[in-house]
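Me: I would like to learn how to read the main features of a protein model. Could we go through them one by one?

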Amino acid sequence: MNDITQGLLAALRLIVTFDAELWEISLRSLQVSLTAVIIASAVAMPFGAFLAVQRFKYRRLVISIMNALMGLPPVVVGLLVYLHLSRSGPFGWLGLLYTPEAMVIAQMILITPIIIALACQVLEDLHEDYKDFFDSLVVPKRTALLAYVIDARYSLMTVILAGFGRAISEVGAVIIVGGNIDHLTRVMTTAIALETSKGELALALALGFILLAISLAVNFLAQWLKASARRRAYV
């Protein structure tokens, strides 16, 4: 019990004194995850919108695949990225293995299906509600889609936040492709695993507090956006 209390006090001391290692790891985690979310959103949002409004053969199959990929095992993604980026892999010549870029790629693969599937669901619901109305006014499909996006902007922001929450809490894939190298690829989740295995509870707890604070902030922001969307729906 004394060890736990001392660990908690030491963790709080690291946070309030702005320990250099602690904040370096935290900022690297944010940088990697935010980069992955931005790139994934740039790809996934248009594709999700396309699936929501277009009707084509095998559309339902594609949506089902995206829904299934939402539960991709992180270690499998990490293994696949490792095989492609390793020296003997097809992209080994890029030299990306054990770099932050490799971690971004792994997180992108994990969160892209999540953003696609959720964005498609949000926009498809609007499309079903307003399709006949826009058709009666002969509104171009692009204009209608823009209207859907504007109307659902709070919900779509929640979708992006869901992707970010998945990315920043990831450990399995990033430790495989990043290697948990100090001052290069060590992020909060991998550092927590390492420090706990070493019995160094202070840094592990401090990182845990920061990760928990980020997760709560993302959750509260998502709830606020959802409540804002509901309020605007009743206006």
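Reply: The turns below go from the chain as a whole to its salt bridges. Keep in mind that this is a predicted model.

Me: Let me begin with secondary structure. How many helices and strands does the chain have?

Reply: The chain has 10 helices and 0 strands.

Me: What are the dimensions of the box that the C-alpha atoms fill?

Reply: Along the principal axes, the box is roughly 70 × 50 × 25 Å.

Me: How should I read burial, and what share of the residues counts as buried?

Reply: A residue is called buried when its relative accessible area is under 20%. Here 40% of the 235 residues count as buried. The accessible surface of the chain is about 13100 Å², and carbon and sulfur atoms account for 68% of that surface.

Me: What share of the contacts comes from residues 24 or more positions apart?

Reply: Counting contacts with a separation of 6 or more, the share is 74%.

Me: Now the charges. How many positive and negative side chains are there?

Reply: There are 18 positive and 16 negative side chains. The centres of these two sets lie 8 Å apart.

Me: How many salt bridges does a search of the whole structure find?

Reply: The search finds 6. One of them joins Arg28 to Glu24, with 2.6 Å between the closest N and O atoms.

Me: Where do Arg28 and Glu24 lie?

Reply: Both are in helix α2 (residues 20–53), and their separation of 4 residues is about one turn of the helix. Arg28 is buried at 10% relative accessible area, whereas Glu24 is partly exposed at 26%.

Me: Which residue forms a salt bridge with Arg60?

Reply: The partner is Glu124, and the closest N and O atoms are 2.7 Å apart. Arg60 belongs to helix α3 (residues 59–69) and Glu124 to helix α5 (residues 100–136), so this pair ties together parts 64 residues apart in sequence. Glu124 is buried, with a relative accessibility of 8%.

Me: Is Glu195 buried or exposed, and which residue does its side chain meet in a salt bridge?

Reply: Glu195 is buried, at 5% relative accessible area. Its side chain meets that of Lys198, at 3.5 Å from N to O. Lys198 and Glu195 are 3 residues apart in helix α9 (residues 188–198), about one turn of the helix.

Me: Which residues do salt bridges with shared partners join into one network?

Reply: Arg59, Arg60 and Glu124 are joined in this way.

How values were computed
Residues numbered from 1 in each chain as written. Predicted model: local features only at pLDDT ≥ 70, side-chain atom pairs only at ≥ 80, totals over all residues. Heavy atoms only, no water. Helix = DSSP H or I, 4+ residues; strand = E, 2+ residues; numbered from the N terminus. Buried < 20%, exposed > 50% of the residue type's maximum accessible area, 1.4 Å probe, protein only. Contact = heavy atoms within 4.5 Å. Areas by Shrake-Rupley, 256 points an atom, 1.4 Å probe, with all protein chains shown as cover. Lys, Arg positive; Asp, Glu negative; His and termini not counted. Charge placed at Lys NZ, Arg CZ, Asp CG, Glu CD. Salt bridge = Lys/Arg side-chain N within 4 Å of Asp/Glu carboxyl O.
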